[in-house]
Amino acid sequence: MSDLAPLPAAPEAVRIGIVSVSDRASTGVYEDKGLPALQEWLLRALKNPIVFEPRLIPDDSARISATLIELVDAGCSLVLTTGGTGPALRDVTPEATLAVGHKEMPGFGEQMRQISLHFVPTAILSRQVAVIRDRALILNLPGQPKAIAETLEGLKDADGTQQVPGIFAAVPYCVDLIGGPYLETDEPVCKAFRPKAAVRSRP
């Protein structure tokens, strides 16, 4: 039995920032696909009601950093970015993210690259990072919708058995540890891992 307080009757609402970083999409050259991909996956994976804070911004370091600070200050316990993590000159999302972090969480980026290497050798060129700012976890994700789902969800075989864990399995417990809301996942999509002592149940 856990000594933690029992869960309320229904999952608590959470505020999540989703940020798509793209010069061309932010100026209307092409349709942004990052924000819809992030929102669709989170709605499938989480049982919590979600209040989304979406932002579509250019590849500008100062703008990215300011947006991340704004979202954390607005009460987002989780902020996910997509785009701007490659080696191109305009790819500055990791630097802008590190600039606002109080703690770096390197394991998230390492695992994302491990997952993506199952599909493309150029995954070693990706530079995604993760940081904690105050009571929020900020994660850089790849720019393509398919890669977003793969890195969050991990790799499964034809029967749905998990072969390589996705990064989101560790997100709920990380958010617990920094004082955020209790995130509850839909296990067929993503089974969150918590130590037994950290698992809360409803009365």
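**Entry 1: strands β1 and β2**

I began with β1 and β2, which run parallel and are joined by 8 bridges; two strands count as paired here if DSSP finds at least two bridges between them. Helices (H or I, at least four residues) and strands (E, at least two) are DSSP runs, numbered from the N terminus. I noted that Val21 has Ile57 as its bridge partner in β2. The model is a predicted one, in which local features need pLDDT of at least 70 and side-chain atom pairs count only at pLDDT 80 or more, while totals for chains, interfaces and linings use all residues. Residues are numbered from 1 along each chain as its sequence is written, and side-chain values use heavy atoms, with hydrogens and water left out.

**Entry 2: the sheet as a whole**

I then traced the strand order and found an open sheet of 6 strands, β2-β1-β3-β6-β5-β4, with mixed pairing. Since β2 (50–57) and β4 (103–104) are at the edges with a single partner strand each, one side of each is left without a neighbour in the sheet. On the way across, β1 pairs with β3 (residues 78–82) in the parallel sense over 5 bridges, and among the bridge partners I recorded Ile18 with Leu80 and Ser20 with Thr82. Strand β3 is in turn joined to β6 by 5 bridges, again running parallel, and here Leu80 stands opposite Leu139. The pairing of β5 and β6 is antiparallel, over 4 bridges, with Arg133 and Ala136 as bridge partners. In their hairpin, which has 2 residues between the strands, Asp134 takes a positive phi near 55 degrees.

**Entry 3: Val19 and burial in β1**

Which strand holds Val19? I located Val19 in β1, residues 14–21. Val19 is buried, at a relative accessible area of 1%, where buried means under 20% relative accessible area, exposed over 50%, and partly exposed in between (1.4 Å probe, protein chains only). Leaving aside neighbours within four places in sequence, I listed the residues in contact with Val19 (heavy atoms within 4.5 Å), and they include Leu35, Leu38, Arg55, Ile57, Leu71, Leu80 and Thr82. I also checked the C-alpha atoms of Val19 and Asn140, which are separated by 9.3 Å although the residues are 121 apart along the chain. For the strand as a whole, 7 of the 8 residues of β1 are buried, so β1 is largely enclosed by the rest of the structure.

How many residues of β6 are buried? I counted 6 of the 6, so β6 is largely enclosed by the rest of the structure. Both faces are covered, with Ala136, Ile138 and Asn140 buried on one side and Leu137, Leu139 and Leu141 on the other. In a regular strand the side chains alternate between the two faces of the sheet.

Helix α3 (residues 61–73) lies across β1, β2, β3, β5 (130–133) and β6 (136–141), and runs at about 165 degrees to β2. Helix α4 packs on the sheet as well, touching β1, β3, β4, β5 and β6, with its direction at about 170 degrees to that of β6. These angles run from 0 to 180 degrees between N-to-C directions, and the axes are lines fitted to C-alpha atoms, for helices over the stretch in contact. Within α4 (residues 93–100) I looked up Thr97, which is buried at 0% relative accessibility. Not counting residues up to four places away in sequence, Thr97 touches Leu68, Val129, Val131, Ile138 and Asn140.

**Entry 4: helix α6**

In α6 I found Ala147, Ile148, Glu150, Thr151, Leu152 and Glu153 buried. The elements covering these buried residues include α2 (34–45), β3, α5 (106–116), β6, β7 (154–156) and β8 (162–165). Gly154 follows α6 and has a positive phi, near 85 degrees.
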